[in-house]
Amino acid sequence: MLADQARTRADTDNATPSQLNQEPPHMPMPTEERVSQLVAGPVERRGFDLEGVAIAATGPARVTVTVDSDEAIGLDTIAELSSEISQALDEVGDFGEAAYQLEVTTPGIDRPLAAPRHWRRARGRKVRVTLRPGAPAPENAGTFDARVGAASDSEVALVLGGKRKPHRVTVPLADIQSAVVQVEFSAPGAAEMELAGGVAPGRPEPGAAAEDEPNAARSPGKSGRENQEAPESVAAPTEGIVE
């Protein structure tokens, strides 16, 4: 016993200042896949789709959960879901004592259209489409702007020609390599919108001031709440504009 104490004292005496000041190792952050599994329950109970989970571990850790639905999701609902997700994450303890910021948000304006449901929800919106190599190209252009029309699980109607000569073509979804919704600064032509079938229910009109503002709610994680007295905040930050 005395020998062990002597060795411990000797180790302390010989330690460098940096070694003495070292903090105990922190529990690693859970993976995005693990967080997706944890938040899936609250999201699905609301009838929403989980569109993605992103974790930024540098600096103050941030967990961003993106959700969407066929109907527009209001700020109050996002705030309620944020509280439910925060509770679900705190209960399992995967974050240990690490403080983190939770953000629950709807997709921003520059969201890619990667699934049939994305196309249905983007009806009436202007998108930049890039076709896969070798796919038949409307008007001989592999990359082009179009307005989204009706979409099924296998194809989408696209309105080309802008305000001057709007016309509709049908493109298989399998031929599309990427598509990103574009910000518009003026209202589209009436003929364009008629061919597209109007905007999806509950979605903002193209060119509206609020079209690039996703609904978002932020709240501190369990460890962060222990050091904060302010209530969780609800905000609608503006996403970057796609040129």
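Modeller: Let's start with handedness: a crossing is left-handed if the near helix is turned anticlockwise from the far one by less than a right angle, and right-handed if clockwise. Helices here are DSSP runs of H or I with at least four residues, strands are runs of E with at least two, and both are numbered from the N terminus. In this structure, α3 and α4 make a right-handed crossing.

Colleague: Before we go on, what kind of model is this?

Modeller: It is a predicted model, where local features need pLDDT of at least 70, side-chain atom pairs count only at pLDDT 80 or more, and totals for chains, interfaces and linings use all residues. Residues are numbered from 1 along each chain as its sequence is written, and side-chain values use heavy atoms, leaving out hydrogens and water.

Colleague: How many helices and strands are in the chain?

Modeller: The chain has seven helices and 10 strands. Of its 243 residues, 38% are buried, where buried means under 20% relative accessible area, exposed over 50%, and partly exposed in between (1.4 Å probe, protein chains only). Now take contacts, meaning heavy atoms within 4.5 Å: among those between residues at least 6 apart in sequence, 62% join residues at least 24 apart.

Colleague: Back to the helix pair, then. At what angle do helix α3 and helix α4 pack?

Modeller: Angles run from 0 to 180 degrees between N-to-C directions, and axes are lines fitted to C-alpha atoms, for helices over the stretch in contact. Helix α3 (residues 32-45) packs on helix α4 (residues 75-92) at about 130 degrees, and their axes are 9 Å apart. So α3 is oblique to α4; the cut-offs are under 35 degrees for roughly parallel, over 145 for roughly antiparallel, 65 to 115 for roughly perpendicular, and oblique for the rest.

Colleague: Which residues in α3 and α4 meet?

Modeller: From α3 you have Arg34, Val35, Leu38, Val39, Pro42 and Val43, and they meet Leu81, Glu84, Ile85, Ala88, Leu89 and Val92 in α4. By class, this contact has 10 nonpolar, no polar and two charged residues. Nonpolar covers Ala, Val, Leu, Ile, Met, Phe, Trp, Tyr, Cys and Pro, charged covers Asp, Glu, Lys and Arg, and the others, Gly among them, are polar.

Colleague: I can also see serine 86 in helix α4. Is it buried or exposed?

Modeller: Serine 86 is buried, at a relative accessible area of 4%. Its C-alpha atom is separated by 7.2 Å from that of leucine 102, 16 residues apart along the chain.

Colleague: On to charges. How many salt bridges does a search of the whole structure find?

Modeller: The search finds 15, counting a side-chain nitrogen of Lys or Arg within 4 Å of a carboxyl oxygen of Asp or Glu. One of them joins arginine 117 to glutamate 51, with the closest N and O atoms 2.9 Å apart. This pair links distant parts of the chain, 66 residues apart: arginine 117 is in helix α5 (residues 116-121) and glutamate 51 in strand β1 (residues 49-56). Arginine 117 is partly exposed at 26%, and glutamate 51 is partly exposed at 23%.

Colleague: What about glutamate 51 and arginine 121?

Modeller: Their side chains meet in a salt bridge as well, 3.5 Å from N to O. Here glutamate 51 in strand β1 and arginine 121 in helix α5 are 70 residues apart. Arginine 121 is buried, with a relative accessible area of 6%. Step back and you get a network of salt bridges linking Asp49, Glu51, Asp68, Asp70, Arg117, Arg121 and Arg203.

Colleague: And which residue forms a salt bridge with arginine 120?

Modeller: That's aspartate 153, where the closest N and O atoms are 3.3 Å apart. Arginine 120 lies in helix α5 and aspartate 153 in the loop between β5 (143-151) and β6 (155-160), so the pair ties together parts 33 residues apart in sequence. Arginine 120 is partly exposed at 36%, whereas aspartate 153 is exposed at 61%.

Colleague: Last topic: backbone angles. What is the phi of glutamate 139?

Modeller: As background, most residues other than glycine have a negative phi. Glutamate 139 has a positive phi of about 55 degrees, and asparagine 140 has a positive phi near 60 degrees. Glutamate 139 lies in the loop between β4 (126-131) and β5, and asparagine 140 is in the loop between β4 and β5 too. Glutamate 139 is exposed at 55%, and asparagine 140 is exposed at 77%.

Colleague: Which residues does proline 136 touch?

Modeller: Leaving aside residues up to four places away in sequence, proline 136 touches Leu131 and Asp175. Proline 136 lies in the loop between β4 and β5 and is exposed at 63%.
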